[in-house]
Amino acid sequence: MKLFGSPASPYVRNVRVLIHEKGLGDRIAWEPADPMCDPPELIAANPLGLVPTLVRDDGEGLFDSAVIANFVDTLAAPRLIPVEGEAGWAGARLRAVADGVLDVAVRTVQETRRPDSEQSPTWIVRWRTAIERAADWLERDSVRFERSVEFPALSVAVTLGYLDFRRPEIDWRAGRPRLTRFYAAVAQRPSLAATAPA
Ligand SMILES: N[C@@H](CCC(=O)N[C@@H](CS)C(=O)NCC(=O)O)C(=O)O
């Protein structure tokens, strides 16, 4: 199988972290791809032209990152995405918050790369507010996930790492001691250390 991705993409990093945690690196080859250049193999597998995209051995393309993660989790034990009962809902919600923060953080990065006259300060402020509220929510919810090494908790770490990487002006650690401790510990895991954006 082939995983199309770019090293700085946090969505790609989520999938790479899971592949690493599950020891599947030798079954899924890394295929560097810049989605902005519309590589034909990527477009053929994913009409949206986004990374990550996984091409299975049978030629089937899988996307987006959540779908790929759910698929990858079925390939080898232990299962790292809870699906049953309350743990399943709590995990799915945590992934939604982690991915939701990524969505607005990535949009902000894209917006601030446009010429000044084309940027919308209204949206930039709205997205920043959503990130701050979500970080408060994560601080409260970290009572549940602070010792977890399942995928939903690891994806929170990927999101926080992305904020450090691309939005360092957002001091998400301030007033959020449990989230800060969680991140400091989990970021040492080999899967996160090996995939850190540079
Ligand atoms: N919801 C998608 C988002 C993927 C995404 O936006 N990837 C970005 C890289 S961070 C991309 O491919 N951008 C290229 C483009 O916008 O055309 C997922 O979870 O996989």
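**View A. The buried residues of helix H4.** In H4, the buried residues are Gly91, Leu94, Arg95, Ala98, Val101, Leu102, Val104, Ala105 and Thr108. Here, buried means 20 or more other C-beta atoms within 10 Å of a residue's own, exposed means 12 or fewer, and partly exposed is in between, with C-beta atoms placed from the backbone. Helices (H or I, at least four residues) and strands (E, at least two) are DSSP runs, numbered from the N terminus. This is a predicted model, so local features need pLDDT of at least 70 and side-chain atom pairs count only at pLDDT 80 or more, while totals for chains, interfaces and linings use all residues. Residues are numbered from 1 along each chain as its sequence is written. What do the buried residues of H4 pack against? They meet H1, H3, helix H5 (121–145) and H6. H4 itself covers residues 85–112. Its 28 residues reach 41 Å from first C-alpha to last, close to the 40 Å expected at 1.5 Å a residue (that is, 1.5 Å times one less than the number of residues).

**View B. Where the two domains touch.** The chain splits into domain 1 (2–73) and domain 2 (85–189), with bounds from an automatic or database domain assignment. Nine residues of domain 1 are in contact with nine of domain 2, contact being C-beta atoms, placed from the backbone, within 7 Å. On the domain 1 side, helices H1 (10–21) and H3 (65–73) each supply at least two residues. H1 gives the most, with six.

**View C. The largest nonpolar core.** Among its 47 residues, Val15, Leu18, Val156 and Ala157 touch the most other members. A nonpolar core is a set of buried Ala, Val, Leu, Ile, Met, Phe, Trp, Tyr and Cys residues joined through C-beta atoms within 7 Å. Helix H6 (residues 151–166) gives the most to this core, with nine residues. Now zoom in on Leu18: leaving aside neighbours within four places in sequence, Leu18 is in contact with Ala69, Val72, Asp73, Leu80 and Phe151.

View D. Phe63 and Asp64 are joined by a cis peptide bond, omega about 0°, and Asp64 is in the loop between strand E4 (61–62) and H3. Another cis bond runs from Ala77 to Pro78, with omega near -5°; Pro78 is in the loop between H3 and H4. Asp38 isn't a glycine, yet has a positive phi of about 50°. Is Asp38 buried or exposed? Asp38 is exposed, with 10 other C-beta atoms within 10 Å.
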